[in-house]
Amino acid sequence: MASMAARGRGKIMASKSLEDLVPEAKKNAGKVIEVCNQVGFDLLIYCTLRSPEEQAKLYRQSRSWAEIKDKILALKDRGFGFIADILDAVGPCTGPHVTNAGPGESWHNYGEAWDAVPMVNGKPAWNYLNAKSEWDAYGECVRQVGMQWAGDWTTFREYPHAQLRQGGNPLKQYKPDEIRAMLSKRGLLVK
């Protein structure tokens with residue numbers, strides 16, 4: 001069972017613990033951190049396992065109600081009503097666009113992805129252009145351990161994101177019952 005015990009107001013929150021990653025992703029994270037240190041900078045992994053509720057909040061924060069409603073209906077039509085209910089239940093959220101993945105659509109929800117930022121002079125270097133060499137070194141490390149770096153994506157680059165699987169949306173790769181079982185096994189379905 002994952003160590004994700006951080007709960008706020010009865011809801012499961014995002015984790016930053018490497019212990020919450022599946023064994024292969026955890027091992028790869030350790031290698032990436034080690035190589036980044038050897039290259040000359042620290043790497044802060046700030047998000048590993050993310051609950052479907054937290055993913056829904058991130059997804060909703062930059063979208064109109066019409067777009068969210070369409071997503072809810074599409075999820076229900078495909079048999080993912082339990083995911084659609086999560087997206088609906090989190091309510092309105094505001095903030096910048098940070099992801100194209102709704103709840104269940106991110107490998108974070110399965111412990112197979114992390115988000116990280118290079119540390120330059122003891123501070124997170126959030127802007128790619130201000131720390132291009134460190135970000136590119138991070139990306140190369142991710143590739144070298146056989147993972148996918150979202151800094152290589154062409155439609156929406158997410159420089160912090162690394163994931164174990166080369167494939168995209170888990171909801172397109174697994175049936176609703178399989179997704180329910182995967183999320184339940186990790187303790188991420190609160191119903």
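## The buried side of helix α5

In this predicted model, the buried residues of helix α5 are E134, W135, A137, Y138, G139, C141 and V142; buried means under 20% relative accessible area, exposed over 50% and partly exposed in between, with a 1.4 Å probe and protein chains only. Their cover includes α1 (23-39), β3 (42-47), β4 (113-120), β6 (148-149) and β7 (161-163).

Helix α5 covers residues 132-144, which makes 13 residues. From its first C-alpha to its last it reaches 18 Å, close to the 18 Å expected at 1.5 Å a residue, where the expected span is 1.5 Å times one less than the number of residues. After α5 comes G146, with a positive phi near 90°.

## Basis of the model

Residues are numbered from 1 along each chain as its sequence is written, and side-chain values use heavy atoms, with hydrogens and water left out. As the model is predicted, local features need pLDDT of at least 70 and side-chain atom pairs count only at pLDDT 80 or more, while totals for chains, interfaces and linings use all residues.

## Overall fold

The protein has six helices and seven strands, in the order β-β-α-β-α-α-α-β-β-α-β-β-α along the sequence. Helices (H or I, at least four residues) and strands (E, at least two) are DSSP runs, numbered from the N terminus.

The C-alpha trace spans about 50 × 35 × 30 Å along its principal axes.

## Burial and contacts

Of the 191 residues, 48% count as buried. Among contacts with a separation of 6 or more, 68% come from residues 24 or more positions apart; a contact means heavy atoms within 4.5 Å.

## The loop residue F80

F80 lies in the loop between α3 (65-77) and α4 (81-89). F80 counts as buried because its relative accessibility is 2%. Neighbours within four places in sequence aside, F80 is in contact with L75, L171, Y174, K175, P176 and I179. The C-alpha atoms of F80 and N169 are separated by 13 Å, and the two residues are 89 residues apart along the chain.
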